[in-house]
Amino acid sequence: MFHCTQCGAFNRVPECRPEDDATCGRCGASLDLSGHPQDMDDATLTRALGSSSVPVLVDFWAPWCAPCVMAAPLVDQVAQSFAGELLVLKVDTERHPAAGTRHGVRSIPTFALFSGGTERARQIGMLPKAQFREWVARHLLAVQSSQAVAPSA
């Protein structure tokens, strides 16, 4: 699932499609398939959480928060590592306080993993690089496993 920065649409892109050939189904603009986290406001976040076919990791942060700023490169690395299977979004809680309030964010940075519009895991505060990647991978696997359809007997 990839977000179009031109029109705001969320797009599914087949894995076999060449990276330079992905365009938005609504407006035709080229899509960034790098997986870089994208900034969201409250309304766009709500729409993303309700419509994403893949799990969504949300980084609730603020520009004045030193740990948030230090975490940004790591969040970017994680987003690129899981591009296509995890949508990574960022919400500046100073510019968009309603999003933080709606999701019960009381401390930043807060990382929340959503699937099917429901929060599945939360990490308050930054973890060391290896632990953060493991936290994301573990919870992503748990979400994917719960979504797998059990084979019929």
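**View 1. The surface of the chain in this predicted model.** The chain exposes about 8,100 Å², and carbon and sulfur atoms supply 52% of that area, where accessible areas come from the Shrake-Rupley method with a 1.4 Å probe and, for residues, only the protein chains shown count as cover. Of the 153 residues in the chain, 46% are buried, a word that here means under 20% relative accessible area, with exposed meaning over 50% and partly exposed lying in between (1.4 Å probe, protein chains only). Because this is a predicted model, local features need pLDDT of at least 70 and side-chain atom pairs count only at pLDDT 80 or more, while totals for chains, interfaces and linings use all residues. Residues are numbered from 1 along each chain as its sequence is written, and side-chain values use heavy atoms, leaving out hydrogens and water.

**View 2. The cysteines Cys7, Cys24 and Cys68.** A search of the whole structure finds 0 disulfides, a disulfide being a pair of cysteine sulfur atoms within 2.5 Å. Cys7 is in no disulfide, and the nearest cysteine sulfur, that of Cys24, is 3.6 Å away. Cys7 counts as partly exposed, at 26% relative accessibility, whereas Cys68 is buried, with a relative accessible area of 1%.
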